[in-house]
Amino acid sequence: MAALDQTQVKEGVDQETVDAVREVGAYKYGWDTDIEMEYAPKGVNPDIVRLISEKNEEPEWMTEWRLAAFERWTQMKEPKWAMVHYPEIDFQDQYYYARPKSMETKPKSLDEVDPKLLATYEKLGIPLKEQMILAGVEGAEDAPAEGRKVAVDAVFDSVSVGTTFQEELKKHGVIFCSISEAIREHPELVKKYLGSVVPVSDNFYATLNSAVFSDGSFVYVPPGVRCPMELSTYFRINAENTGQFERTLIIADKGSYVSYLEGCTAPQRDTAQLHAAVVEIIVEEDAEVKYSTVQNWFPGDENGKGGIYNFVTKRADCRGDRSKVMWTQVETGSAVTWKYPSCILRGDDSQGEFYSIAITNNMQQADTGTKMIHLGKNTKSRIVSKGISAGKAQNTYRGLVSMHPKAKNSRNYTQCDSLLIGDKCGAHTVPYIEVRNNSSRCEHEATTSKVDDDQLFYCRQRGMDEEEAVALVVNGFCKDVLQALPMEFAMEAQQLVAISLEGSVG
Amino acid sequence: MLEIKNLHVKLEEEDKQILKGVDLTVEAGKVHAIMGPNGSGKSTLSYVLSGRDGYEVTEGSATLDGEDLLELEPEERAALGLFLAFQYPVEIPGVGNMTFLRTAVNAQRKVRGEEELSAADFLKLVRAKAKTLKIDADMLKRPVNVGFSGGEKKRNEILQMAMLEPKMCILDETDSGLDVDAMKLVADGVNALRDEGRGFLVITHYQRLLDHIKPDVVHIMANGRIVKTGGPELALEVEHNGYADILAEVN
């Protein structure tokens with residue numbers, strides 16, 4: 001039975017997907033939490049940067065690091081090369097720090113957290129009480145942990161609300177906490193790794209993030225440890241006119257393994273909101289990191305009003321030999337997405353993989369892809385990108401595969417498939433390939449197809465209604481990527497795929 | 001059961017009349033065959049009955065057990081019990097055959113207010129039915145019709161039919177592209193479903209399928225109309241003399 005259920009998920013659409021489509025409106029996370037907030041004044045300047053640092057009770061070196069980043073940022077220009085269009089962002093008309101008043105004194109445990117906040121996450125379907133993620137499983141202590149429990153760090157606007165399973169993780173030597181806590185408690189690790197993958201001056205948004213990031217998650221897995229459960233962070237933007245700038249730092253020490261999930265939602269608002277995150281992953285010798293994202297920020301309404309502008313820098317550095325990183329992303333939300341999770345394959349025999357589903361409907365725009373930088377010998381990378389456009393949306397895959405002179409015998413395989421629903425949307429593929437040695441090989445395949453009327457009619461003749469038929473065909477199209485997700489997320493992702501395309505046909 | 005009266009159909013996009021007054025009644029428990037030369041409108045009839053886009057009914061009616069088919073969406077017709085075995089079964093990459101079947105079965109059950117089949121019951125049922133059609137477990141796991149041989153595709157259609165248990169089955173040139181052995185398998189599958197409550201409309205070019213699926217009534221269709229109706233002997237006549245004689249006789 002259990003085995004069959006698994007195949008069902010991996011094979012394509014499931015009844016639950018279909019039910020979800022029926023039950024749920026276009027964006028199911030559009031509500032907001034009425035909670036008293038404390039804001040820093042609007043705009044960004046050195047005082048705001050100092051204030052954020054102070055609120056987080058940071059040491060002097062961190063404040064200096066931020067101020068240097070801010071100084072740098074003032075000299076930078078917003079990049080314009082992506083195939084996305086949006087009104088000029090007034091960076092001084094945003095709040096850069098917002099936290100629930102009840103978080104003023106840091107709660108010592110989850111029991112002390114404002115019930116309203118806990119209720120918010122509960123409503124989002126995210127368990128903050130330490131519990132088994134699979135319903136009906138009792139006796140958490142004795143059960144084999146693998147694949148059963150998910151430790152959660154919940155970030156609400158600018159602050160981390162709480163992190164579950166910290167004690168149990170500690171037993172294995174795994175550190176999983178908010179980044180602000182890590183800066184206070186583990187400065188040696190933070191100092192060593194922060195900004196070492198995404199330098200402060202990397203790009204406009206990353207630099208801004210370095211100056212004003214307020215919270216985020218921190219993971220350290222010690223040598224030889226296989227993290228006993230999935231780790232995850234749920235980001236929720238609640239406050240209006242507030243940008244969320246989170247910072248995630250994941251360090252997998254020699255021979256360790258960790259799987260990390262990230263989920264994002266935001267209320268439905270008329271005004272666009274900014275989200276500029278930075279994720280850095282360090283993978284040492286023989287270590288492996290899986291990083292999965294289900295991004296479901298508010299996409300704006302069907303006329304393109306509101307929504308999240310998602311400008312994110314994610315990069316993994318495979319420093320050690322035989323290290324491995326795998327990015328999997330399901331991007332269904334945001335009005336504008338600008339995001340290229342990348343792998344630096346520095347160690348010999350290191351491997352990078354990127355699996356992506358980007359869905360754009362209505363007026364959404366996505367410019368997303370990856371960079372695979374092959375530096376070490378015998379390095380391998382694999383890119384599977386599925387872009388789905390409906391309505392008047394534009395979807396661009398932009399990727400770089402670079403083989404450096406020393407990256408002898410390296411391999412890349414890239415597959416970019418685009419699926420169009422209707423005739424007012426667009427799909428674009430922009431691959432860059434640079435090979436600077438003669439023993440490496442790159443393969444690139446790209447296809448563009450339309451949801452075929454014959455396929456839909458075939459499904460409908462067998463009894464499925466139109467939305468069910470579209471969900472089935474699209475889930476089939478995405479199968480390679482959905483398979484790469486951890487079980488718990490695969491279900492959610494399937495439902496999201498169906499929901500995001502609601503009303504796109506007919 | 002299936003009642004078609006004076007059905008006139010033209011293409012939606014161009015001014016081309018395809019069906020020019022088809023009258024046909026298929027009773028429960030009976031197998032009717034429609035034969036006819038290429039372009040006579042046989043496939044169009046099957047598409048119009050099942051609700052494919054691109055056709056416009058200009059006159060006439062089609063009902064199944066008294067329900068007006070032409071007013072319904074394709075999936076509503078399916079839930080009423082109308083099944084079309086496609087001449088060219090469609091490939092759906094990435095969607096497992098089993099998932100497809102289960103989604104279809106449960107979608108119809110839901111519309112009819114029946115409880116969904118549990119995963120275990122469904123699996124048991126599929127395996128049993130697949131076995132009689134010599135469909136192995138591997139074929140059930142593979143994506144729908146992707147990389148299937150001609151014979152596998154047609155057997156898969158019959159498997160879907162067996163799982164959905166429709167009242168009225170239309171087989172559109174199910175014999176095309178089949179060798180003798182494959183045709184025998186398909187025919188056996190169809191014969192196993194023959195039942196007093198179920199009607200069949202078998203569209204075919206050739207008599208040979210009708211050696212295996214014995215029809216009660218044979219119709220000859222030409223130029224958008226049924227021009228002659230008779231018993232199984234009519235199919236044999238076509239086999240021996242071709243359509244020319246019959247068409248000459250009608251004209």
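A:Ser418 is located in strand β22 of chain A, which spans residues 411–420; helices (H or I, at least four residues) and strands (E, at least two) are DSSP runs, numbered from the N terminus. The model is predicted, so local features need pLDDT of at least 70 and side-chain atom pairs count only at pLDDT 80 or more, whereas totals for chains, interfaces and linings use all residues. Residues are numbered from 1 along each chain as its sequence is written, chains are lettered from A and ligands numbered from 1 in the order in which they are written, and side-chain values use heavy atoms, with hydrogens and water left out.

With a relative accessibility of 7%, A:Ser418 is buried (under 20% relative accessible area, with exposed over 50% and partly exposed in between; 1.4 Å probe, protein chains only). Beyond its neighbours within four places in sequence, A:Ser418 has contacts to A:Gly387, A:Ala427, A:Thr429, A:Thr447, A:Thr448, A:Ser449 and A:Phe477, a contact being heavy atoms within 4.5 Å.

Across all chains, 0 disulfides are found, a disulfide being a pair of cysteine sulfur atoms within 2.5 Å. For A:Cys177, the closest cysteine sulfur belongs to A:Cys227 and lies 13 Å away, too far for a bond. A:Cys177 is buried at 2% relative accessibility. The sulfur of A:Cys416 is likewise too far for a bond, with the closest cysteine sulfur, that of A:Cys442, at 13 Å; A:Cys416 is also buried, at 2% relative accessible area.

In chain B, an open antiparallel sheet of 4 strands is ordered β2-β1-β4-β5, where pairing requires that DSSP finds at least two bridges between two strands. Strands β2 (17–26) and β5 (67–68) of chain B are at the edges with a single partner strand each, so one side of each has no neighbour in the sheet. Strand β4 of chain B (residues 55–64) pairs with β5(B) in the antiparallel sense over 2 bridges, and B:Leu64 has B:Glu67 of β5(B) as its bridge partner. Helix α1 of chain B (residues 42–50) lies across β1 (2–11), β2 and β4 of that chain, at about 105° to β1(B); axes are lines fitted to C-alpha atoms, for helices over the stretch in contact, and angles run from 0 to 180 degrees between N-to-C directions.

A second open sheet in chain B has 6 strands in the order β6-β9-β10-β3-β11-β12, with mixed pairing. Its edge strands, β6 (82–85) and β12 (225–230) of chain B, each pair on one side only, and the twist from one strand to the next averages 20°. Strands β9 (residues 168–172) and β10 (residues 199–204) of chain B are parallel, paired over 5 bridges, with B:Leu171 opposite B:Val202 in β10(B).

Helix α6(B) lies across β6, β9 and β10 of chain B, at about 170° to β6(B). This helix (residues 150–164) has 15 residues and spans 22 Å from first to last C-alpha, close to the expected 21 Å, which is 1.5 Å times one less than its number of residues. B:Glu165, with a positive phi near 45°, follows α6(B).

Between the chains, 41 residues of chain B contact 28 residues of chain A. The area buried between them is about 2800 Å², with 59% from carbon and sulfur atoms; buried area is the accessible area (1.4 Å probe) that two parts lose on being put together, summed over both. On the chain B side, B:Glu75, B:Thr99 and B:Thr103 lose the most area to chain A, together 18% of what that side buries.
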